[in-house]
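Subject: Structure for your files

Hello,

The structure you asked for is below, with notes on what was found in it. Please read the notes with the model open.

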Amino acid sequence: MAVRELRRVAEVVDASGDDDLSGRKPGASGAVPRHSGWVMSHFVPGLELSRSYYHEVVRPLLDGVPHDAALIGQGSDVLGFDTERSADHDWGPRALIFVPPELVGDLTTRVSSRLPAVFRGYPTAFGSDRDPVRCGVVVADFGRWAHEQLGFDPRGAITVGDWLGVPWQRLGEVTGGEVFHDGLRELETARERLRWYPDDLWRYVLACQWVRIAQEESFPGRAGEVGDDLGSLLATGRLVRDLMRLSLLMRRRYPPYTKWLGSAFRRLGGSAELGVALGQAMRGHDWRERELHLSTAYKLVAGTHNRLRLTGPLDPSVRPYFDRPFKVIGGRRFADALIASIGDAAIGDLPVTGAVDQFADSADVLTDVGRSRSLARAIR
């Protein structure tokens, strides 16, 4: 039974196609109870709803005060993954308004006191039985907000420690979403600086992801050989996850956390063939069948590596794992080539542990930027 349940993971990465964004259920406090069965007949993605809310309601309340406005930060709607299910808590029209720090207090009072209770059928304040009700419009100083989200202000210098200590989910949340207004001419600039890693750091992160693959690529066969089919499937799943993350990183996309990883992978153009191979590997009935489909996936990912031309071309074919009868890609050779291509000696000499997501898997770390930065600093 456990093996069959794990094979269901294959459905996430098999084939291609867009997310189902039909149907929407409101569920903020005061309107429809959480987990009620009522569903709206027309789905409005949160980003679209919030854009209209800002332009039609929020901006007129600002009385011409220079500001930046956006929907960024936490929330499935920021990354475009919100569905009907998302509305059962903390969902509705939202906006972040950035102003100089001395204006935050007065503008918060002015805006919050004049907002409507409902916009297009959705409450404009959210809460639950466990959380206090709060306004969907937040007025903030960008520097303070950025420190809370990232641990640093991206308008200033961004260090190697800054890059490696912030979880990918946070980087995706700050660079995702949409800027509705850039009146201070700072927000778009800051987001552009965070859009992707500097070139040498990108090569380093890719190398560390290849190392993760190298460390476990023989495990599906070895576990299966001793009759541990569940262990073989588990090892296959870990490799599938790492290959999905590697594919996103090679395409300059921050991999989101587990709930949205498959959705983000499906949105990669040209990922269908790789998705099929990964799905078939997860559904394989024994380690040999899993190895066959993993081998196809390895060749595809190695081909993408070669097309990036970050290193000289590497043989994309699989090979035996030393003198054992397991086929692997030899992930370490890709890592070594990438490390050798790094021009900055300080980055090239870093331990091959990578960004915090590549060596930590605790939600209590990855949802707390202070902890994630401290752990990354300790590892370095």
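Helix α14 gives the most to the lining of the largest cavity, with 4 residues. A cavity is a set of points, on a 1 Å grid over the protein atoms alone, where a 1.4 Å probe fits but cannot get out, and lining residues have an atom within 4 Å of a point. The structure holds 1 cavity of 30 Å³ or more, and about 60 Å³ of space lies in the largest one. Volumes are the space filled by probe spheres set on the points, with points joined across faces, edges and corners.

This is a predicted model, in which local features need pLDDT of at least 70 and side-chain atom pairs count only at pLDDT 80 or more, while totals for chains, interfaces and linings use all residues. Residues are numbered from 1 along each chain as its sequence is written, and side-chain values use heavy atoms, with hydrogens and water left out.

The cavity is lined by Glu217, Ser218, Pro220, Gly221, Glu291, Leu294, Ser295, Tyr298, Phe326 and Lys327. Elements that give two or more residues to this lining are α10 (219-225), α14 and β10 (324-328). By class it has 4 nonpolar, 3 polar and 3 charged residues (Ala, Val, Leu, Ile, Met, Phe, Trp, Tyr, Cys and Pro count as nonpolar, Asp, Glu, Lys and Arg as charged, and the others, Gly among them, as polar).

Ser295, one of the lining residues, sits in α14 (residues 287-308). Ser295 is buried, with a relative accessible area of 8% (buried is under 20%, exposed over 50%, partly exposed in between, with a 1.4 Å probe and protein chains only). A polar atom of the Ser295 side chain lies 2.8 Å from the backbone oxygen of Glu291. Leaving aside neighbours within four places in sequence, Ser295 is in contact (heavy atoms within 4.5 Å) with Val318 and Lys327.

Next, the pockets. A pocket is an open set of points with protein on both sides within 12 Å along at least five of seven lines. The largest pocket holds about 1,300 Å³ of space. It is lined by 46 residues, of which Gly73, Gln74, Gly75, Ser76 and Glu173 are the closest to its centre. The largest share of that lining, 4 residues, comes from α7. The lining has 19 nonpolar, 13 polar and 14 charged residues.

About 380 Å³ of space lies in the second largest pocket. Among its 18 lining residues, Leu79, Gly172, Arg253, Tyr254 and Ala264 lie nearest the centre. Here too α7 gives the most, with 4 residues.

Helix α4 (residues 104-114) has Val104, Leu107 and Val111 as its buried residues. Seen down the axis of α4, these fall within an arc of 70 degrees, so they line one face of the helix (the arc is that of the directions from the helix axis to the C-beta atoms). Asp106, Thr109 and Ser113 are exposed on the other side. The cover over the buried residues includes α3 (46-61) and β7 (137-140).

For the whole chain, there are 18 helices and 10 strands, and 52% of the 380 residues count as buried.

Regards

Notes. Polar contact = N/O pair within 3.5 Å; in protein donor to acceptor, adjacent residues only side chain to side chain.
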